[in-house]
Each structure stands twice: as C-alpha cells, then as structure tokens.
Amino acid sequence: MIAEVKDSISIKFAGDSGDGMQLTGTQFTDNTALYGNDFATFPNYPAEIRAPQGTIHGVSGFQIHFGSFEINTPGDEFDVLVAMNAAALKDSLKSLKKTGLLIVDIAGFDKKNLRLAAFDPEEDLLEESRFSDYHFIKIDISSLSKEALKEIDLDPKQKDRSKNMFVLGLLLWMYGRNLQSVEDFIETKFRKNPLLKEANLKVLRTGFYYGETAELQSYKKEIKAAKLEPGTYRNIMGNKATALGVMTAAFKANLNLFYASYPITPASDILHELAKHAKAGVQSFQAEDEIAAVCAAIGASFGGALGATGTSGPGMALKSEAINLALMLELPLLVIDVQRAGPSTGMPTKTEQSDLLFAMYGRNGESPIPIIAAHSPGNCFEAVYWACKIAIEHMTPVIFLSDGYLANGSEPWKVKDLKDLPEIQPVYLSAEDTQEEAFLPYKRNADLVRSWVQPGTKNKQHRIGGLEKELVSGNVSYSPENHQKMTDIRAEKVALIAKKLPEQTIMAGAKSGKVLVIGWGNTTGAIKSAVLELLKEAKEVAHAQINFIHPFPENLANILNSFDKILVPELNNGQLIKLLKVAFPNNKFYALNKIQGIPFKKSEIKDAILNLLG
Amino acid sequence: MQIGELTAKDFASDQDLRWCPGCGDFAILKQVQTVLAKLGHSQEDTVFISGIGCSSRFPYYMNTYGMHSIHGRAAAIASGLRLTREDLNIWIVTGDGDSMSIGGNHLIHLLRRDLNVNLLLFNNEIYGLTKGQYSPTSKKDLITKSSPYGNQERAFDTLALCFGAGASFIARSIDREAKHLQEILIQTNEHEGSSFLEIYQNCHIFNDGTFQNYSDRSLQKINALFLEDGKPLVFGEHQELAIKLDGLNPKVVLKDEYSLEDLWIHDSSDRVKASILINEVDTQENFPKLFGVVYKKEKLNTRSNSPNKLSENYLLDLLKGSNSWLVK
C-alpha cells in the first residue's frame with residue numbers, strides 16, 4: 001500500500017507534564033529536520049516542573065507542523081492529536097481538525113484520570129461514537145510498553161516512563177521515517193545506564209512496529225522533503241540561536257565574551273548554553289541577582305570585554321537603573337529580554353510582546369537606547385548579532401527582544417558563513433588621539449561615538465560615572481547648557497544608527513498596495529501565511545516584519561507611504577503601533593491585539609486583513 | 001617614569017576635592033595615594049570603583065582608572081571587571097549605606113566568591129550625602145532626621161557579617177590613625193582574595209564624635225584593641241589589661257598577673273580565635289573594639305578565571321551542530 005502524499009501535517013503531542021511530551025516533540029522535530037521537511041514548532045508547558053498530575057494545569061503539549069513547502073507556523077489546528085490522558089484530550093481536542101486523527105492511550109482514561117480532568121468518572125469517555133468526526137485509534141500504550149519490558153529489570157514506574165518512546169516510534173513509522181536519529185540520541189543519553197538504554201530502544205521499536213501489526217497502514221502519509229535554498233541546515237531553537245549569535249559577534253569583534261545572568265524563565269537556556277563553552281573562551285557568570293548580573297556585565301565592558309546580560313520582564317524592571325548607567329558611561333552592553341506574559345510574575349512559560357514600551361521608555365530621565373527584535377527562532381542569531389554590533393560600534397547599551405515562543409520554538413536554520421556576516425569594529429583610540437597629551441574621554445567621532453579606552457592603557461587614566469558629563473572632557477558637570485547638549489547628543493547618537501542599518505524588506509507581497517501588515521517578533525509566521533493565502537486570492541496585501549525598532553530603518557517611511565492602510569498585529573495591547581504613530585503621524589495604522597499568552601493564529605490575521613480590505 | 005618612582009602626588013587627579021572641610025575622607029585619600037606609590041603600583045593598572053555616597057566620590061580624586069557607579073553596585077561591577085581582567089589592581093570604595101544597606105547582597109556574594117579585590121568600607125554610621133538619616137550601622141537610639149525619636153534598630157556587627165559571608169581577610173582601621181591606616185592598607189592590598197577593610201570615618205557634620213572613643217588618644221587606650229600578629233591582646237590606660245581565653249570564653253585580666261604564654265597571642269590565621277574575636281569580643285560592650293587585621297586566610301579560590309577568546313574552528317563546529325544536513 002502506497003502512502004498518501006500530503007503537503008504538510010501538523011501534530012500535537014499532549015500529555016501530563018511528567019509524560020515526556022517535550023522530549024517526544026523535540027526528537028520528532030530533529031528527525032523531521034534530517035528528513036528534509038521545513039517545519040515550525042510550538043512547545044507549550046506549565047511553569048511547574050511537576051504540575052498537579054492528571055489535571056488540566058499539568059498538561060504539557062508540543063506542536064509541530066512540517067511540510068514539503070515553506071512552513072511558517074505550527075498550524076492553527078492540527079491533523080493529528082496524541083492524547084496521553086483525559087486532561088490532555090480535554091485541553092487539545094477543540095483544535096483537532098474535523099476528520100483528523102486522534103490517538104489516545106487507554107491507560108490515561110481510567111477513573112482517576114477522568115476525575116482529575118473533571119469528567120464523570122463513571123462515563124465511557126472513549127466510546128467510539130463520541131469521536132465519529134475523527135479517525136480514532138485507541139491503544140493501551142502503557143500496557144504495551146510494560147509488556148515489551150517484561151524481561152528487563154526495572155521498576156514499574158521506570159517502565160511506565162518509557163511510553164513516550166512508543167508514541168514517537170509509532171508516529172515516525174506513520175510518516176515513513178527511520179529511527180536512526182532517535183536511536184543515536186538514546187545511545188548517548190543513556191550511555192551510563194545500559195538498562196534504561198535498552199528499555200527505551202525496545203519501546204521505541206515496539207511503537208515503530210505496532211503500526212504494521214495493528215494494520216494502521218491506511219494512516220500512513222508521505223510528506224516529501226522541502227525545497228530549501230542550498231546550504232547546510234540544522235534545527236535550531238531561539239535561545240540557542242541567541243547564544244550562538246552573541247558568541248559569533250564576540251568572535252568577529254575579537255573580544256572576550258562575558259555573559260552574566262540570573263536564572264529566569266524563559267531566558268535561562270541562554271545561560272545554560274553559554275556556560276557549556278567555559279573552556280572554549282566564553283565566560284558566563286551566574287550572578288546573585290538581576291542587578292548584579294547587569295552590573296557585572298558593565299564591569300566587564302569597562303575592562304574591554306563584550307559584556308552581556310539576559311533576562312525576562314521582571315528582571316528587566318530590576319536592571320533598569322544599571323542600563324541607564326551604561327548609557328551614561330557610553331560603554332557597550334547587550335541586554336537580552338526574552339519576553340513573557342506580564343505584568344509582575346505573570347505567566348512565566350507563556351509568550352507575550354508586552355515589554356516593548358518598557359524597553360523604549362522604562363528608565364529614569366531621557367534615555368534613548370537602541371532596540372532590536374528577533375522575528376523567528378533562527379533569526380535570533382542574526383538579530384542578536386546586529387544588537388552586539390551596534391552596542392560595540394556605537395558604545396551604547398542595546399536591548400535585544402526575543403520572547404518565549406521564539407526562545408523555545410524551532411525551525412530549520414541555514415548555518416551562517418562567518419564571511420557573510422558584517423564586520424564588527426570596536427571604536428578604539430585613533431593613533432592621532434593616542435599621541436595627544438590630554439586625554440578627553442568624551443571626545444566623539446563622526447557618529448558621535450566616544451572611544452573605548454580600557455584600564456591598563458598608559459597615560460589615559462580617566463574616571464567615568466553616572467553623573468552628568470561635561471561635553472568632551474567627561475568631567476562632572478551641572479551646567480544647564482551642558483545638560484541640554486549632552487541630552488541632545490545622546491539622542492542624536494542613537495538616531496544616527498539608522499544610517500548603518502540594513503534596509504527594511506517586504507517579506508511577502510508587492511511594494512505598494514491597499515494593506516500592509518507590519519509585525520515584529522514572533523508574529524512572523526501567522527502574518528506571512530495569512531498574507532500568502534490572500535495573495536493567492538489576488539488581494540492587495542503585503543507583509544513586512546521589522547527587526548530594528550529603535551531607531552527604525554530609514555526606508556521604513558517609504559514603505560509605509562506606499563500602502564493605504566497599515567495593520568499592526570501584536571501580542572500586547574498596542575505597543576509598536578504607538579511608536580509608529582508618533583514616528584509616522586500621517587499614515588493610517590490599525591491595531592490587532594491579542595493578550596492570551598499564545599501566538600496569533602493565521603485565521604485571526606486573515607480576518608483582520610479582510611476586514612481592512614473591506 | 002619607572003614603576004616605583006611615583007609619589008603619592010602622582011596618584012592625585014586634577015579634580016577639586018568636594019568633601020566637607022574636616023571630613024575623615026581626606027585622610028583616607030592621602031593614605032591610599034601614599035600606599036599605592038609606596039608599593040610601586042602604576043596609575044594605569046589601578047582601578048577604583050565606587051557606588052553612591054560621600055565616600056563614593058573617591059575615584060574622581062585618584063589619577064587612576066575609575067568608575068563612580070550607582071548606589072550599592074560597586075561590588076557587582078568590580079566582580080565583572082575582576083573576572084575578565086586578571087592584570088588590574090582593583091579597589092572598591094563604599095560606605096555603610098552603599099554596601100551594608102542597598103548593596104548588601106553584592107557585598108556578601110563578593111566575599112563568598114572571594115574575588116581578588118580590595119574593599120574599603122568608609123563607615124561613618126550615617127547617611128551623609130542625603131543629609132543625615134540613620135544607616136544600618138548607626139548606634140541604637142541615635143537621633144537623626146529619619147529617627148527623630150531615636151534609632152529603633154540594632155546596628156550590623158560589620159565584622160561578623162563579613163565573617164559569616166566567608167570573607168578571607170577582615171580588618172579595621174580609623175581615619176585619625178594615619179600610620180595604622182597605612183599599614184593596614186598595605187596588608188589589605190597584599191592579600192589575594194576579597195580584602196575587607198572597614199575604616200571608621202568621622203562625619204563631623206551629621207554624626208560628629210561617633211568614634212571618639214577610638215580616635216581620642218586617652219579614650220582610645222581604654223576602648224580600642226590594636227591587634228598585631230604574635231603579640232598579646234593588650235589595652236587599658238597604661239596597657240595594663242589583656243584578654244585571655246578561659247576555655248572558649250574571652251576574659252579581661254590584669255596583664256601582669258599572667259606570664260606571656262598564658263595570654264591570648266594574636267594569630268590572624270586562626271579561624272576559631274577569629275570567630276571569638278569577631279563574635280564575642282568586638283560585639284560586646286565590656287570589651288574594646290578591634291583594630292588591625294582580625295582574620296586572614298589563604299585565598300578560597302572558589303572560582304577559576306581564565307578569560308580567553310573563542311577559536312574559529314570551535315565556533316564553526318558549534319554553529320553547524322551535530323545534526324546538520326546538506327541541501328543541494
């Protein structure tokens with residue numbers, strides 16, 4: 001029987017937070033990447049490490065959309081739902097497509113699980129007739145896994161934990177894959193525990209062969225490899241891409257890298273990644289608090305390293321004063337904000353784009369700071385590289401905005417060639433200035449940037465600080481005229497960066513028309529797929545996604561002026577739109593806001609565009 | 001100019017000093033400049049980092065590299081500099097509000113990590129720059145602008161706080177004793193690890209005379225105990241009193257009633273004795289206050305520090321990852 005060929009499939013793995021759904025998802029993703037499909041993923045899990053078992057709060061989900069053509073989103077709805085228990089079913093069934101495939105683990109629907117998921121424990125939830133809209137497969141995954149392991153000396157709990165491998169094996173079979181990547185992973189992960197290695201491999205293969213034995217061939221689908229631009233690709237998550245981008249920037253600028261951070265969701269993985277490379281020239285520092293982290297980074301920059309710090313919203317609030325110190329000192333500083341749903345502690349594992357105005361205005365005094373936002377997991381690499389470049393070349397703190405969805409989402413990423421990245425040239429003292437007798441720490445170049453003179457440089461001793469500086473000399477000054485001038489210079493210095501930025505591009509659609517959808521951050525996929533669909537219907541719509549928010553690229557005005565209406569979808573209550581309205585008072589902007597801790601659906605964007613098109 | 005040929009003056013910057021005339025800070029500044037010259041340090045390899053407060057103006061007056069940062073954070077900034085620059089001689093200048101109140105967290109963690117810096121705590125037991133509020137080291141019942149009915153809070157036992165945080169060098173001196181201060185500054189600078197030096201510094205505007213017991217020559221004899229390694233713990237108007245250990249309890253005795261070996265001989269490397277000195281002697285009213293190097297131990301070396309740069313091959317391998325694929 002030949003498998004049906006499909007363009008794309010979206011799968012959701014849903015289970016209890018202890019069921020290993022994230023691992024299943026990431027392993028399926030790695031396999032998908034090696035197979036050559038394009039894909040987008042969306043892990044969605046509770047903040048608690050072991051949330052109340054069996055309840056809706058404890059559901060952990062991983063969604064992957066993969067295809068033989070360009071994939072921009074994890075999919076509004078999915079074609080396949082794997083529900084490991086009653087709570088997972090309750091949580092996710094509403095987004096399973098009609099006629100989609102529902103796979104359940106019978107063991108997760110006993111009376112206890114029904115009760116915990118607030119179903120009637122006496123009812124037969126898995127009765128076929130209830131799911132007549134779907135293709136429905138009931139498997140006693142837990143028992144089959146345990147049965148496969150009956151010869152292996154592990155306790156029942158450990159045996160039960162391998163059931164996610166059954167799911168993984170079955171799904172890989174369904175899409176015509178081989179097990180190589182997962183087997184390699186298991187070999188490495190359980191290198192030191194042969195028993196667990198054997199168990200996981202065994203259950204994985206049991207799942208893989210189950211499809212055959214249970215005659216599920218009719219569900220097999222083939223999704224051909226996607227046609228990607230030639231090059232070397234890898235699967236990458238946003239936080240990893242961010243860490244690699246910062247490392248690459250330090251390398252290109254020939255600087256030591258010092259990354260100081262205090263653990264916080266969802267930014268910690270950047271610290272974890274950088275900490276791995278301690279022996280290869282990356283210094284990471286787990287500070288005692290958020291303030292110490294940013295301050296240590298400033299100290300490192302003062303000494304001539306690339307000082308960087310990473311956090312999420314609550315940490316940004318704590319770092320505010322020190323970021324302003326870096327602004328006054330005019331030293332390079334990278335501040336990474338992996339945004340999450342706020343305010344206060346908010347929803348740590350859920351995504352939001354609501355720190356933009358805080359990044360822009362959340363400091364005392366007149367405090368202009370460049371802001372750069374990544375717009376996909378892979379784009380985190382280039383965007384943060386640019387953030388470092390600007391920090392170093394313009395002697396300024398730079399805020400890099402990522403978010404929970406980008407941080408944990410993944411996509412195929414074309415590995416960058418170092419030669420293709422723009423050079424980064426720190427502003428050291430010119431030969432001419434080195435000769436000068438009197439050293440003037442706040443003397444500036446044509447870009448209004450002062451030189452980076454580090455302790456240890458002979459005869460250039462100087463003192464810097466948070467007090468207002470006198471023009472050129474850098475001495476403390478309370479003169480009214482001087483304060484006006486210095487305030488103006490700091491603003492002008494950031495405004496001038498616009499001349500150095502790459503041009504804003506149009507991601508989809510024509511250069512002019514009726515509606516432009518302008519987004520930033522994680523909205524890329526939803527906007528792009530909505531716009532592409534409408535373009536097929538011959539609608540006059542285009543899409544631009546901006547990386548550089550402060551300052552805006554110089555050509556942005558021309559792009560905006562070429563459209564009648566501009567739609568600005570954001571996962572906040574309207575932040576970029578406020579900045580756009582101030583910068584471009586003559587254009588017509590329309591807001592589309594959502595603040596639910598989850599990304600936009602393609603359909604939501606599409607509806608808003610259609611509404612504007614009239 | 002050869003190293004070692006600099007004078008104290010070479011370490012003075014061209015900035016006008018802006019402390020109140022008569023402030024204890026002047027004397028400390030002079031001794032720090034003298035010590036740096038004496039020890040043959042270069043101007044360019046020396047860095048002073050401060051927070052906010054009267055004492056934190058200090059870096060402006062030093063012809064070295066310096067940063068006058070934000071309130072409480074000097075220790076954190078110095079930590080980042082220390083970890084990336086092994087070659088520099090780094091000093092932190094801070095006050096009782098700066099490092100014991102708003103920056104308390106950074107102080108204890110600096111001491112825990114034992115990074116090689118010299119921390120000078122100018123303790124005047126008052127907020128001076130904000131014009132006279134009580135500080136975490138102010139004496140109980142002190143009347144200030146923010147405690148008009150008397151300070152209701154207990155003061156930090158500064159040395160005990162640092163000892164608890166695991167400091168590897170704990171010392172105290174006072175602005176009025178130039179020679180002592182100079183000697184202790186030298187030892188502070190020479191210690192590898194975080195050196196904590198508390199300097200009693202008189203604020204004659206808002207808290208005048210708070211250290212009179214230790215600065216006035218006749219009172220000092222009774223109230224201050226100047227520690228020296230290898231010497232007995234002796235004080236009193238005619239140096240007639242000594243401290244002796246009775247089991248684990250310190251006891252004031254008449255010196256002449258005991259032979260030298262029966263008295264407590266100071267050994268700054270003895271952790272148990274340091275604990276008794278810090279927790280039982282320094283904090284009790286019936287004992288004199290400690291001056292000198294109270295405790296000193298070899299560097300803890302809890303954090304290795306090897307700044308270097310990434311190699312291209314390492315980076316290229318990392319960018320490619322272990323599961324890449326080629327699209328033709």
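Q: What makes β10(A) and strand β11 (residues 282-286) of chain A a pair, and in which sense do they run?
A: Two strands pair if DSSP finds at least two bridges between them. β10(A) and β11(A) share five bridges, so they count as paired, in the parallel sense. Within β11(A), Gln286(A) stands opposite Ser261(A). Strands here are DSSP runs of E, at least two residues long, and helices are runs of H or I, at least four residues long; both are numbered from the N terminus. This is a predicted model: local features need pLDDT of at least 70, side-chain atom pairs count only at pLDDT 80 or more, and totals for chains, interfaces and linings use all residues. Residues are numbered from 1 along each chain as its sequence is written, while chains are lettered from A and ligands numbered from 1 in the order in which they are written.

Q: Why is strand β10 (residues 257-261) of chain A called mostly covered?
A: A residue is buried if 20 or more other C-beta atoms lie within 10 Å of its own, exposed if 12 or fewer, and partly exposed in between, with C-beta atoms placed from the backbone. Five of the five residues of β10(A) are buried. Leu257(A), Tyr259(A) and Ser261(A) point one way, Phe258(A) and Ala260(A) the other.

Q: What makes β11 and β20 (548-550) of chain A edge strands?
A: The sheet is open, with seven strands in the order β11-β10-β12-β13-β15-β14-β20 (chain A) and mixed pairing. β11(A) and β20(A) each have a single partner strand, so one side of each is left without a neighbour in the sheet. The twist averages 20° from one strand to the next.

Q: Why is α18(A) called oblique to α21(A)?
A: Axes are lines fitted to C-alpha atoms, for helices over the stretch in contact, and angles run from 0 to 180 degrees between N-to-C directions. Under 35 degrees is roughly parallel, over 145 roughly antiparallel, 65 to 115 roughly perpendicular, and the rest oblique. The axes of α18 (residues 524-536) and α21 (residues 602-613) of chain A come within 8 Å and cross at roughly 55°. That makes α18(A) oblique to α21(A).

Q: Which residues of α18(A) meet α21(A)?
A: Contact requires C-beta atoms, placed from the backbone, within 7 Å. Ala526(A), Ile527(A), Ser529(A), Ala530(A), Glu533(A) and Leu534(A) in α18(A) meet Lys602(A), Ile605(A), Lys606(A) and Ile609(A) in α21(A).

Q: What joins β17(A) to strand β2 (residues 65-68) of chain B?
A: Three bridges join these parallel strands. Arg463(A) stands opposite Gly66(B) in β2(B).

How values were computed:
Contact = placed C-beta atoms within 7 Å.
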